[in-house]
Amino acid sequence: QEKRSQLRRLDAFKKKNRDKAPDALKKLQKTALSGENIFAELMETVKTCSLGQITGALYDVGGQYRRNM
């Protein structure tokens, strides 16, 4: 039951932010590719994107986790 509740909230969060998420993810990717510190951008991105979305976006631009990203 708890898992279903979490999945419902995640779905609602994604629906609520579906218009804002793509731009936020692109901005995060751009920051990561520029070599800048991405912490501040991550703090903004989590307002509109799920951890899964963020992880996928970073993986797309950087491959597997790299300490220097």
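I started with S50, which sits in the loop between α3 and α4. Helices here are DSSP runs (H or I, at least four residues; strands are E, at least two), numbered from the N terminus. I get 9% relative accessibility for S50, so it counts as buried. My scale: buried is under 20% relative accessible area, exposed is over 50%, and partly exposed lies in between (1.4 Å probe, protein chains only). What does S50 touch, not counting residues up to four places away in sequence? I find L10, F13 and K14; contact means heavy atoms within 4.5 Å.

Before going on, a note on provenance: this is a predicted model, where local features need pLDDT of at least 70 and side-chain atom pairs count only at pLDDT 80 or more, while totals for chains, interfaces and linings use all residues. Residues are numbered from 1 along each chain as its sequence is written, and side-chain values use heavy atoms, with hydrogens and water left out.

Then I checked confidence, as pLDDT (the predictor's confidence in each residue, from 0 to 100). The protein chain has a mean of 90, and 90% of its residues reach 70 or more.

Next came T48, in the loop between α3 (39-45) and α4. Is T48 buried or exposed? It counts as buried, because its relative accessibility is 12%. Setting aside neighbours within four places in sequence, I list F13, N17, K20, A21, A24 and Q53 as contacts of T48. F13 is also on the S50 list. I also took the C-alpha separation of T48 and L25: 9.1 Å, for residues 23 apart along the chain.

V46 is in the loop between α3 and α4 too. At 41% relative accessibility, V46 counts as partly exposed. I see V46 again in a nonpolar surface patch of about 290 Å², made with F39 and M43. Patch residues have over 30% relative accessible area and no salt bridge, with nonpolar side chains (Val, Leu, Ile, Met, Phe, Trp, Tyr) joined within 5 Å and like charges within 9 Å.

Last entry: I38, in the loop between α2 (21-34) and α3. Its relative accessible area is 11%, so I38 is buried. Beyond four places in sequence, I38 is in contact with L28, T31, A32 and L58. For I38 and L28, 10 residues apart along the chain, I get 7.2 Å between the C-alpha atoms.

Definitions and conventions
Accessible areas come from the Shrake-Rupley method with a 1.4 Å probe; for residues, only the protein chains shown count as cover. A salt bridge is a side-chain nitrogen of Lys or Arg within 4 Å of a carboxyl oxygen of Asp or Glu.
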